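User: I would like to learn how to read a structure, one feature at a time. Can we take it step by step?

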Amino acid sequence: MLEISNLACSRGDHLLFSGLNFSLSPGELLQVQGANGSGKTSLLRTLCGFIMPDTGEILWHGQNIRELGDQFYAEIIYLGHLNAIKDELNALENLRIGAGLAGCKMDDKQVIAALRRLGLRGRETLPVKVLSQGQRRRVALARLLLSNASLWILDEPLTALDVGAVELMQELISEHLVNNGMVIYTTHQPLEVVGVATRRLALT
Amino acid sequence: MNKLSLIGLLSIMIRRDLVLAMRRRADVVTTLIFFVIVVSLFPLGVGPEADMLRNMAPGVIWVAALLASMLSLGRLFSADHLDGTLEQMLLVPQSLSVLVLAKILAHWMVSGLPLVIMAPVLGLQFDMTAQSIGVLIIALLLGTPTLSMIGAVGAALTLGLRGGGALVSLLVLPLCIPVLIFGAGAVEAVISGTSVSSHLSLLGALLVMALAFTPWVTALALRISME
């Protein structure tokens, strides 16, 4: 369970948001909305602990994430604007290293299954630099399938994805929510998950 | 939560960075060729008198190694920063200092170790004796990892800054002076026939100190740079 109380964040001298309160329970989906520059990415990065909030605190199961440190990091997965995959490595290697660092023991079968589910059959061992933008994004999204994090923090997950992949993404989110996961995401595209009421948080 | 052993974590990271370096070999070769060219320029510039060359060899090789290690520092974190993998590293539920240490070690293997291997050949070019070449190798083996570690702090602090490459040299070069003094000093000591052990011990001490503190400081600097 994630609780945010009285959160304020500024970049430089510019106050992005203040007095932000919300909480997220298992099985809930939260969409952060707002115009460009309203602080969506900053909010998500603050939740990951990259940015120190000006005021307020972020609690995970009642404890401040700053104090939890590694325990908190083990329970979240963050997908940013950047795909965080290495061009020189192939999709399989990228995911294997990512899962290895997160402490998940993965065999190649599981990784290949995740890549196939994301429609990358036959691309598993190609260097990522020869893949298209949308395919790279799919490789990045495959990380979600390989992690056992309960909180997904997704910053514009649908960038560069085609219609089929957007549907797949809705499916993945809905499966995660059924398993008592939590998802916070930002997007400018419509993303509706069947059977779950999307909560919305508007930043101005 | 599965906790990886520290050795497991180190080995995943080191293997990853070595594979990346092997697939981008040009970067590795550039540093090495830079080192060779800088050292080879001196005899051309100051003339071919064997006595003078023999005396200045340790200093020249050490300064060139120092400059070559500055040249490769920019790559230590910037590539990972640009593609977002560094962000993910900060979110790894393991000690960031250990990850940083692994990156530094891998960086040394592809940028420092080749210099150490190449140094004897350059030493011959300066007519150094076998004994002084031996001391040079030991001194470089102790000194170049220290240079990589001190450099990592600077590289982390200047991450994402425009003109970071020049700035990192300004920050790091003064801090590398002790390594230069004792490294070149060790070889000069063997040439002049005095004991080398004090110089090498001090180099070793610097290495141990750097090993203890720089990964931790670098990890802090990375967290600041990512804000």
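User: How many residues of chain B are in contact with chain A?

Analyst: Before the count, some conventions. This is a predicted model, in which local features need pLDDT of at least 70 and side-chain atom pairs count only at pLDDT 80 or more, while totals for chains, interfaces and linings use all residues. Residues are numbered from 1 along each chain as its sequence is written, and chains are lettered from A and ligands numbered from 1 in the order in which they are written. Two residues are in contact if their C-beta atoms, placed from the backbone, lie within 7 Å. Here 22 residues of chain B are in contact with 24 residues of chain A. On the chain B side, H1(B) gives the most, with 5 residues. The residues of that side divide into 10 nonpolar, 5 polar and 7 charged. In this sorting Ala, Val, Leu, Ile, Met, Phe, Trp, Tyr, Cys and Pro count as nonpolar, Asp, Glu, Lys and Arg as charged, and the others, Gly among them, as polar.

User: Which residues touch the most other members of the largest nonpolar core?

Analyst: In soluble globular proteins, nonpolar side chains tend to be buried together. A nonpolar core is a set of buried Ala, Val, Leu, Ile, Met, Phe, Trp, Tyr and Cys residues joined through C-beta atoms within 7 Å. The largest one has 126 residues, and those touching the most other members include A:Ile76, A:Ile153 and B:Ile61. Helix H8 of chain B (residues 130-157) gives the most to this core, with 14 residues. Leaving aside neighbours within four places in sequence, B:Ile61 is in contact with B:Val39, B:Ala119, B:Leu122, B:Gly123 and B:Leu136.

User: How many helices and strands are in chain A?

Analyst: Chain A has 7 helices and 9 strands. Its C-alpha trace spans about 50 × 35 × 35 Å along the principal axes. Buried residues make up 41% of the 204 residues in chain A.

How values were computed: A residue is buried if 20 or more other C-beta atoms lie within 10 Å of its own, exposed if 12 or fewer, and partly exposed in between; C-beta atoms are placed from the backbone. Helices (H or I, at least four residues) and strands (E, at least two) are DSSP runs, numbered from the N terminus.
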